[in-house]
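This report concerns ring pairs and the packing of helices. The sequence and structure are shown first.

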Amino acid sequence: MTEASAFIGLFLSAFLAATLIPAQSELGLGYLVINTDYSMMLLVTVASTGNTAGATINWLIGRGVARSVVSSKKMRPSTRYGTVINWYKKYGHWTLLLSWAPFIGDPITVIAGISKVPLKTFLLIVALAKTSRYLIIATFAEKFTLGLQTGAAIVKW
């Protein structure tokens, strides 16, 4: 595996994992941290950038939904749509700090688009959340590797 293909693969898996398409990027990051000599910070940056870009696609989908529901005279927003918007208004854009979470993170980014959260605010909060998650994952992977090298990860009964 070349360095370029590793980084492109990591970016793509992180990008897909942040969209509504089910995918996994954490294992790829952990694998690269454990099995390569690539800079951990560069790996985290690539994964975070891909994941934030994927979340931005969700935000754009949400903006499109908001435009289509509001602009179409034939469609009336459902009560479910109203409930979701009211929930988001109640808890605000800080819910985007959960954009990293499985199952709820992707819908939250779509709802942010529907709620017309400014792109700059969206990007700042989502990038912070996603980068923090990848930093934690990479740090655990690195510590796990160090434990294996020193024998500290082996538990004796």
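Are helix 4 and helix 5 roughly parallel or roughly perpendicular to each other? The axes of helix 4 (residues 79–91) and helix 5 (residues 105–114) come within 10 Å and cross at roughly 90°, so the two helices are roughly perpendicular (65 to 115 degrees). The model is predicted: local features need pLDDT of at least 70, side-chain atom pairs count only at pLDDT 80 or more, and totals for chains, interfaces and linings use all residues. Residues are numbered from 1 along each chain as its sequence is written, and side-chain values use heavy atoms, without hydrogens and water.

In the contact (heavy atoms within 4.5 Å), Tyr81, Val84, Ile85, Trp87 and Tyr88 of helix 4 meet Ile108, Ile111, Ala112 and Ile114 of helix 5. The residues of this contact comprise nine nonpolar, no polar and no charged.

The structure holds five aromatic pairs, defined by ring centres within 6.5 Å, with planes under 30 degrees apart counted as stacked, over 60 as edge-to-face and the rest as tilted. Two tilted pairs are tabulated.

| Pair | Centre to centre | Angle between planes |
|---|---|---|
| Tryptophan 59 and phenylalanine 122 | 6.0 Å | 35° |
| Tryptophan 87 and tyrosine 88 | 6.4 Å | 55° |

Tryptophan 59 lies in helix 3 (residues 40–71) and phenylalanine 122 in helix 6 (residues 119–150), so their pair ties together parts 63 residues apart in sequence. Both tryptophan 59 and phenylalanine 122 are buried (under 20% relative accessible area; exposed is over 50%, partly exposed in between). Tyrosine 88 is buried at 3%, whereas tryptophan 87 is partly exposed at 35%. Ring pairs link Trp87, Tyr88 and Tyr91 into a cluster.

Terms used. Helix = DSSP H or I, 4+ residues; strand = E, 2+ residues; numbered from the N terminus. Buried < 20%, exposed > 50% of the residue type's maximum accessible area, 1.4 Å probe, protein only. Axes fitted to C-alpha atoms, helices over the stretch in contact; angles between N-to-C directions. Parallel < 35°, antiparallel > 145°, perpendicular 65-115°, else oblique. Nonpolar A, V, L, I, M, F, W, Y, C, P; charged D, E, K, R; others polar.
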